[in-house]
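The sequence and structure are shown first.

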Number of protein chains: 2
Amino acid sequence: MYGLIGKILAVAGARDELAAILIGGVGGMPGCLSYVVALDPADPDALWVTEVWTDGDAHRASLSLPSVRDAIARGRPLIAGFGERFETRPLGGHGLGDAA
Amino acid sequence: MYGLIGKILAVAGARDELAAILIGGVGGMPGCLSYVVALDPADPDALWVTEVWTDGDAHRASLSLPSVRDAIARGRPLIAGFGERFETRPLGGHGLGDAA
């Protein structure tokens, strides 16, 4: 499996709107086992996104999906920058959903 | 929801054993929506654990479960330390499992 943990910094006041766009864009992505959008309680402009994919190819392919391209286009103006970013190799656990 | 993202540093050579203990200990934890154990490809001794709970109380209560106490007891000698740790407030997404 292939995983990403990343922090996205929204422009001031736009975090909730950006989160809604991200959550709305992630249905039915082939090979996506988990994609969770979270607020950072320590930074009013920051979101954490944690992702688990069957493999890195599935993640890369997702960036070409119409729903994801649309979410990126709508979300980009709301993004001020990026914070920490970690790639991972998920092994297992609980809550890994179906790979659509 | 309540979330945690944390890095655990295993003693040299013990990462796989520690990961197996963590994965084996997380079945049926009430209020646990996601608990994923991953290798850090950049550090041969590091694991990432990402967790989503219904709330912080469910996370705290899990630490008293016999299965979790047993996993902690077996895993502790294999832990050399801890790295980054971030609390989060998950909003939604894909792959949030049943809260047993």
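The lining of the largest cavity divides into 8 nonpolar, 5 polar and 1 charged residues, where Ala, Val, Leu, Ile, Met, Phe, Trp, Tyr, Cys and Pro count as nonpolar, Asp, Glu, Lys and Arg as charged, and the others, Gly among them, as polar. The model is predicted, so that local features need pLDDT of at least 70 and side-chain atom pairs count only at pLDDT 80 or more, while totals for chains, interfaces and linings use all residues. Residues are numbered from 1 along each chain as its sequence is written, chains are lettered from A and ligands numbered from 1 in the order in which they are written, and side-chain values use heavy atoms, with hydrogens and water left out.

A cavity is a set of points, on a 1 Å grid over the protein atoms alone, where a 1.4 Å probe fits but cannot get out; lining residues have an atom within 4 Å of a point. Grid points are joined across faces, edges and corners, and a volume is the space filled by probe spheres set on the points. There are 2 cavities of 30 Å³ or more.

| Cavity | Volume | Lining by class |
|---|---|---|
| Largest | about 110 Å³ | 8 nonpolar, 5 polar, 1 charged residues |

Two or more lining residues each come from strands S2 (32-39) and S3 (46-53) of chain A and from strands S1 (2-10), S3 (46-53) and S4 (79-94) of chain B. Strands are DSSP runs (E, at least two residues), numbered from the N terminus.

The lining of the second largest cavity includes Leu4(A), Pro90(A), Val36(B) and Trp48(B). Its contributors of two or more residues are S1 (2-10), S3 and S4 (79-94) of chain A, together with S2 (32-39) and S3 of chain B. S3(A) provides the largest share, 3 residues.

Strand S2(A) is largely enclosed by the rest of the structure, because 8 of its 8 residues are buried, that is, under 20% relative accessible area with a 1.4 Å probe, protein chains only. S2(A) runs antiparallel to S3(A), joined by 7 bridges; strands pair if DSSP finds at least two bridges between them. The two form a hairpin with 6 residues between them, and Leu39(A) has Leu47(A) as its bridge partner. S2(A) also pairs with S4(B), in the antiparallel sense, over 5 bridges. In that strand of chain B, Gly92(B) stands opposite Val37(A).

Conventions:
On a 1 Å grid over the protein atoms alone, a cavity is a set of points where a 1.4 Å probe fits but cannot get out, and a pocket is an open set with protein on both sides within 12 Å along at least five of seven lines; lining residues have an atom within 4 Å of a point. Helices (H or I, at least four residues) and strands (E, at least two) are DSSP runs, numbered from the N terminus. Buried means under 20% relative accessible area, exposed over 50%, partly exposed in between (1.4 Å probe, protein chains only).
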